[in-house]
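Here is a short report on one protein chain. Keep the sequence and the 3D view open while you read.

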Amino acid sequence: MPGCTTSDPPAGGGGPGENALVPLDARLRERIRREGPLRWDQFMEAALYTPGIGYYEREPGHVGRAGDFYTAVSVGAVFGRLLAVALTALLDRLGRGSEPVWLIEAGAHDGRLAADVLGWVAEQRPDLMPGLRYGVVEPSLRRRGWQAARLARWADRVEWFDSLAELAAVAPRGVLFANELLDALPVRRLGWDAARRCWREWHVALGEGADVERFEWRLGGEPWQPRPEDQALLAGAADPDGPLAAAFPDGLVWEHPEAALDWWRQAAGALREGWLLTLDYGDWHGGGPRPHRPQGTLRAFRRQRQEPDLLAAPGEQDLTADVDFALIRRAGEAAGMVTEVAEPQGEWLTRLAGTPAGRREAEGWDARQRRQFLTLVHPEHMGRRFQVLLQRRMGTG
Ligand SMILES: C[S@@+](CC[C@H](N)C(=O)[O-])C[C@H]1O[C@@H](n2cnc3c(N)ncnc32)[C@H](O)[C@@H]1O
């Protein structure tokens, strides 16, 4: 790339220290002193997922009204019940053979959505229960514990998988779904250098002098380029010599969702037959850098409030970025998936509630449940900010 030179030390790799008694911020400082500035995605990964002390390893109470943020699941059981309407309609299309069919959830957190979905199927579609398996893709032992406690009633049909690779060994037929998982996966954080016409990567370093304990942003000198497999999906949108680059403001922040793309590709490969479904906040802009969001979309949350400093208190605040649905969609299609739904959550849930099974469900709602539904579909609440992507593995009926 023209004019780009190396000035900062390269990012270090490696994992955090082993001693669980050492707080996360101290471990990260020690790691930076040892290895040099950490790439943002490494910092985010450590802050959210360090075993035992990462943000998502803490007690499950931080999702919901009393916690740091709420999700469609924590709004109430209506989300899970409507999702169950959709999931069972897909299983009906799949048809029953002699093999089990699967509903598989990733990012199941405390198991609440699983309990809502299984409860609805048992109550409304008992005909589907024989031969139905519920899989949970869960790398964390601690979260598995929360899920097992919540799902004790369903112990004989729930099965946990450490990873998508382990799930792929089963080659399931069914639906693999995730609510608000992709936004919680680490992103590469990049800054546009207009003078040099290149992307440079944001790192986390330590300050100097009196600030030696403070985490600080540091822009790497190395020009950054997407991986070849992502270049194709970006279709030139991030190309420093492409036509769009002239419109990029200096310093434009772009969060490239490398981990989410890998997750989606792997998920597509894990299914033998069936669907991939994700619901999350984000948008369908062209895919790649968003010049209309010059500061990027990364946010930190604590007690329902957005916090100003992404680097503060690692492990104690949620870190999240909008999902680039256009790129995720293309990644699935490149992996052989066919897109069936790509639209805002509000429209999708409203259509579902209008199907015969959805109408039967909605007719039974009380005032509290009707309010939950409105929260999920109203454009000012979760209806427009949240999107749905449903893709089908070719060859299913
Ligand atoms: C924002 S929370 C959403 C929780 C829940 N799905 C809901 O909607 O309330 C994201 C969850 O995904 C989990 N997660 C992150 N990476 C994961 C992975 N690779 N596989 C499975 N779950 C993961 C996190 O630990 C966390 O529990």
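## Cores and charges

Of the 50 residues in the largest nonpolar core, Leu-83, Leu-277 and Trp-348 touch the most other members. A nonpolar core is a set of buried Ala, Val, Leu, Ile, Met, Phe, Trp, Tyr and Cys residues joined through side-chain atoms within 4.5 Å. Buried means under 20% relative accessible area, exposed means over 50%, and partly exposed lies in between (1.4 Å probe, protein chains only). Helix H4 gives this core its largest share, 11 residues. In soluble globular proteins, nonpolar side chains tend to be buried together.

This is a predicted model: local features need pLDDT of at least 70, side-chain atom pairs count only at pLDDT 80 or more, and totals for chains, interfaces and linings use all residues. Residues are numbered from 1 along each chain as its sequence is written, and side-chain values use heavy atoms, with hydrogens and water left out.

What is Trp-348 in contact with, leaving aside its neighbours within four places in sequence? Its partners are Leu-83, Ala-86, Leu-277, Leu-279, Val-341, Glu-343 and Val-388. Contact here means heavy atoms within 4.5 Å. A second, separate core has 39 residues, including Val-137, Leu-182, Trp-192 and Leu-276.

Now look at H4 itself. Helices (H or I, at least four residues) and strands (E, at least two) are DSSP runs, numbered from the N terminus. H4 has 18 residues and reaches 26 Å from its first C-alpha to its last. That is close to the 26 Å expected at 1.5 Å a residue; the expected span is 1.5 Å times one less than the number of residues. H4 is mostly covered, with 14 of its 18 residues buried. After H4 comes Gly-95, whose phi is positive, near 80°.

Next come the charged pairs. The structure holds 38 salt bridges. A salt bridge is a side-chain nitrogen of Lys or Arg within 4 Å of a carboxyl oxygen of Asp or Glu. Three of them are listed here.

| Salt bridge | N to O distance |
|---|---|
| Arg-34 and Glu-35 | 3.3 Å |
| Glu-361 and Arg-81 | 2.7 Å |
| Arg-143 and Glu-138 | 2.8 Å |

Glu-361 is buried because its relative accessibility is 5%. Arg-81 is buried too, at 16%. Both Arg-143 and Glu-138 are buried. Arg-34 counts as partly exposed, at 46% relative accessibility. Glu-35 also counts as partly exposed, at 22%.

Thr-50 sits in the loop between helix H2 (40-49) and helix H3 (72-75). Is Thr-50 buried or exposed? Thr-50 counts as buried, at 3% relative accessibility. Its C-alpha atom is separated by 40 Å from that of Glu-361, 311 residues apart along the chain.

Finally, a sheet. Three strands form an open sheet in the order E12-E11-E13, with antiparallel pairing. Which strands are at the edge? They are strand E12 (305-307) and strand E13 (318-320), and each pairs on one side only. Two strands pair if DSSP finds at least two bridges between them. Three bridges join strand E11 (residues 299-302) to E12. Arg-302 has Arg-305, in E12, as its bridge partner.
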